[in-house]
Each structure stands twice: as structure tokens, then as C-alpha cells.
Amino acid sequence: MTLDDVPGWFNADDQALFRVLLSWQSETQRPGDVVELGVYLGKSAILLGELLAPGETLTVCDLFGAPPPGTGHDSEKPRSFESLERSEFERFYLSFHARLPVVIAAPTSEILEHVEPGSARFVHVDASHLYEHAAADAAASHTMLRSDGIVVFDDFRSAHTPGVALAVWEAVLRDGLRPIALTKKKFYGTWGDPAPAREVIAAWTQASPHHRIDRQFLAGHEVLRLAPRKPKPEQLQ
Ligand SMILES: C[S@@+](CC[C@H](N)C(=O)[O-])C[C@H]1O[C@@H](n2cnc3c(N)ncnc32)[C@H](O)[C@@H]1O
């Protein structure tokens, strides 16, 4: 089985960028833990598990079919998560790894009961699309991450996820989150210095036949936007 056989929404660009950033962290920084909010069948968790360094912990959190907490969730279109079984996630994960990660079957609002403040080097937020939940996930990510840690928000700009967009850009403007890079689906940022991670991404794209970056400046923040490299005219013939 390969990652392509696991159902999910974790595309090749983000898989590549996760590999680049998590490997760079392992090679140049002290160990730290990794957290995922919203696991589904494990497509992204499986890659996170592969990129763990010895002694590091991956913690994943999902409702696994339980109803979401609080009010307002009926405004989110029903998605295919109500029938999600924890055992299905575990089956896929164990096709790739000998041991399961720490699995928290609960709303993401409970994640701080399970992860120490300042302990994470990488947090992937891919759970609820509702503004209230996404904003709480952003705040929890800030608490869980160490100062040079990286957070990734999925669906920060899909047409049907304005609540995630609002929560992410609000964290930038009001809570000091600094953008590193944007892909088609994901926002990569840090509450520390974004420059080293940006340099790593820029160097990687320079060597990549498939990717390029353009640099944008948003409210004083430099942001790298990952884009496909256009083929040279001779390659089009
Ligand atoms: C888009 S899927 C995750 C996809 C996965 N990261 C991947 O790349 O394949 C979103 C997941 O978030 C979970 N979820 C949604 N709202 C949640 C909440 N409030 N707390 C915990 N999990 C939640 C759903 O059960 C679903 O499994």
C-alpha cells in the first residue's frame, strides 16, 4: 500500500512541503513533538509518523464520528465524517507503521488536556471549518508550539471555508502569527522567526522541476506562494 491508496485530501504539493520542513527541523533543531487536529483515515498522519525522529511523539485528535461540540455546527454542510470509525484510521495507519500514535478521540477543544504547552515543533490543523472552532484550534496551536514551531492550517482559502480563512488571518493580524508560505490548500506559519523556513523552501523550489515560488507582501509580512513551475516553450512541443 502507498499513501496514494489512502483516501483523503492531502495533495502531492503539501506532502512534499511537509517532507521538506519536517526533515529540515529534524536535521537542524532539537527534537519536539508533532500534533494533528483532524485525522480522518490518516493520510497526513501516516506521513507525519514517517517523519518523526526517535523519541518524538505524534498525537492525533479526531471526533471519529461523534457529533461536533457546541452550537452552530448545522451551518456546516454535512461531510462524510459521521460514519468515520477509529478502527478504520488505525487499520490504515498500521499498514505503514508498527505502532499507533497517541490517539485522542475527542473534540479538538480538549487537545490542551493532552499536549504540553510549548512541546510541539509542528502542528497540522485540519479539523472543523467553523470559525469558532478554527479560531480555538489556532489559539491551541499557539499554546502547544514551541517558539520556533511551525503550524499548518488546511482549507485557509477554499470557497466553502470562510471561517478557517477568518481564523487564520485574524491570528496573523491580532495574535502575531507570521506567514511562511501558502499552497493551494494550506497556510504555513510560525509564531517565531519565519525567515529560516522560508529560506529552506526557496532553496528547495530552486532545485525542483515542478515548483516555483512567488513572493508577496501582505500587511508587512513576506509570504512565499508555492506555484507549479511553468514548462519552458520547448517542453510544450
Ligand atoms: C478533512 S478531514 C482530515 C483529513 C486528514 N488530515 C487528511 O489529510 O487526510 C477532517 C477531520 O476532522 C474531524 N473533525 C471535524 N471537526 C472536529 C472537531 N471539532 N474536533 C475533532 N475532530 C474534528 C473529522 O472527523 C475529520 O476526520
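Me: Which residues does Thr190 touch, not counting those up to four places away in sequence?
Reply: In this predicted model, Thr190 touches Ser147, Asp148, Gly149, Gly176, Leu177, Arg178 and Ile180, with residues up to four places away in sequence left out.

Me: And where does Thr190 sit, in which strand?
Reply: Thr190 belongs to strand 7, which covers residues 186-190.

Me: Is Thr190 buried or exposed?
Reply: Thr190 is buried, because its relative accessibility is 2% and the cut-off for buried is under 20%.

Me: What does the side chain of Thr190 reach?
Reply: The side chain of Thr190 reaches the backbone nitrogen of Gly192 at 2.9 Å. A polar atom of that Thr190 side chain also lies 2.7 Å from the backbone oxygen of Gly149.

Me: Now the ligand. Which residues come nearest?
Reply: There are 19 residues around the ligand, and Gly38, Ser44, Asp62, Thr108 and Asp126 come nearest.

Me: What are the distances from Ser44 and Asp62 to the ligand?
Reply: An N or O atom in the Ser44 side chain is 2.9 Å from a nitrogen atom of the ligand. For Asp62, an N or O atom of the side chain is 2.6 Å from an oxygen atom of the ligand.

Me: And Thr108, which atom is involved there?
Reply: A backbone N or O atom of Thr108 is 3.0 Å from a ligand nitrogen atom.

Me: How much of the ligand's accessible area does the protein cover?
Reply: On its own the ligand has 600 Å² of accessible area, and the protein covers 96% of it.

Me: How does the shell divide?
Reply: The shell residues around the ligand divide into ten nonpolar, five polar and four charged.

Notes
Residues numbered from 1 in each chain as written. Predicted model: local features only at pLDDT ≥ 70, side-chain atom pairs only at ≥ 80, totals over all residues. Heavy atoms only, no water. Near = heavy atom within 4 Å. Polar contact = N/O pair within 3.5 Å; in protein donor to acceptor, adjacent residues only side chain to side chain. Areas by Shrake-Rupley, 256 points an atom, 1.4 Å probe, with all protein chains shown as cover. Nonpolar A, V, L, I, M, F, W, Y, C, P; charged D, E, K, R; others polar. Helix = DSSP H or I, 4+ residues; strand = E, 2+ residues; numbered from the N terminus. Buried < 20%, exposed > 50% of the residue type's maximum accessible area, 1.4 Å probe, protein only. Contact = heavy atoms within 4.5 Å.
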